[in-house]
Amino acid sequence: MAIFEGAGVALVTPMKTDGMVDFDKLKQLVEWQITKGIDAIIACGTTGEASTLIDEEHIAVIEAVVKQAAGRVPVIGGTGSNNTQHGIHLAKEAQRVGADGLLIVTPYYNKATNSSLIKHYTAICNSVTLPILLYSIAGRTGMNLSPTMVAELKKIPNIVGIKEASGNISQVVEICSLADENFAVYSGNDDQVLPFLSVGGSGVISTIANILPAETSQMVHDFLAGDIQAAQKTQIQQLPLIQAIFKEVNPVPIKAAVSLLGKCEMNYRLPLDKPESKTLQLLKTEMKNFGLL
C-alpha cells in the first residue's frame, strides 16, 4: 500500500533573520498546502535544508508539521544519513513524534558497497515500524540506486517505495517495472512527472509544489483519472518555471519563490544563501508569466 498517491511537497523550512527556524511560518505553510489540496508533506528533505539543521531542530520541524497536519495528509520525515547509527536515531525520533513514513536517501560521501548498503537500510528499517521510501539522487550523493539494487532493497518489509531522481528515463522504466501494490515509485524531478506516471508511477515528491500545490496535485490526479491532455498541458506549462527554480542549487530558488509569495522570509543557512540577482530576476519573470505575481 502506497503512503500516498498524487503530489507530495518537499516542504521548505522557513527561517528567521537570525537563522533560527520560523515555526509560525512553517505551520502556516503546512496549512496552506493542505487547503490547496496537496496529498502529502515531506518535512526535512533536501528542500527543507535538513543538512544544516541540528538534530533537535530536525525532529522539532517534523513534529511541528505532524501536529499542524493533524492526520489530514501523511507526513513523511526525511531521516537519511551517511552514518547508519545517526540514521537510526533520526528514524526513531521521527517515529516518536508521529511521522507517517520516512524518506531515506542513500548514504552520501561515504557511499557504500552493495552489501553494506543493504545492511545500512536493513538496520534503519529494523529500528522502526514505519513505512519507508528509498531516495536515489546520485547528483547529490554520488551513489545511484540501480534497478537491481532497488529489487534487492524492496525485499525489506517496510520499504514501500522510492523517490527516483536519477533523470535517467530508461532506469525509471526498469524501476517502475518493479512497482506493485506494495511498492510505489515517485518522480523526484518535477519535469518528469508524466513519464513516471505513464509507466506505473504513483506520483511525485515535488519542489515546485511549494508554490503550485493545487496545480501539481491536480496534474497527477488528472493523469490517473485518464485526462491525459489536461495533465500534459500542466506539465508543459510548468516547465519554464521548473527550469527557473533549478537555476541554482535546490532549495535556494524555491525558497526565494516562496518568499516572493509572501509566505516566508528569504533566509538560509550557510553555505546556502540568497540567489544571484540574475536568478532572482528570472524567477520573478517566470512567476509573473505563470500568474503568481
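A residue is termed buried when its relative accessible area is under 20%, exposed when over 50% and partly exposed in between, with a 1.4 Å probe and protein chains only. The structure is a predicted model, in which local features need pLDDT of at least 70 and side-chain atom pairs count only at pLDDT 80 or more, whereas totals for chains, interfaces and linings use all residues. Residues are numbered from 1 along each chain as its sequence is written, and side-chain values use heavy atoms, with hydrogens and water left out.

Helices (H or I, at least four residues) and strands (E, at least two) are DSSP runs numbered from the N terminus, and two strands pair if DSSP finds at least two bridges between them. The strands β1-β2-β3-β4-β5-β6-β7-β8 form a closed barrel of 8 strands with parallel pairing. Neighbouring strands of this sheet are turned by 25° against each other on average, direction ignored; axes are lines fitted to C-alpha atoms, for helices over the stretch in contact, and angles run from 0 to 180 degrees between N-to-C directions. Helix α2 (residues 55-69) packs on the sheet and touches β2 (40-43) and β3 (75-78), contact being heavy atoms within 4.5 Å. The direction of α2 makes about 175° with that of β3. Elsewhere, β6 (residues 159-164) is joined to β7 (residues 184-187) by 4 bridges in the parallel sense, and Ile162 has Val185 in β7 as its bridge partner.

The whole structure contains 0 disulfides, a disulfide being a pair of cysteine sulfur atoms within 2.5 Å. For Cys44, the nearest cysteine sulfur is that of Cys264, 15 Å away, which is too far for a bond. Cys44 is buried, at 3% relative accessible area, and Cys264 is likewise buried, at 3% relative accessibility.
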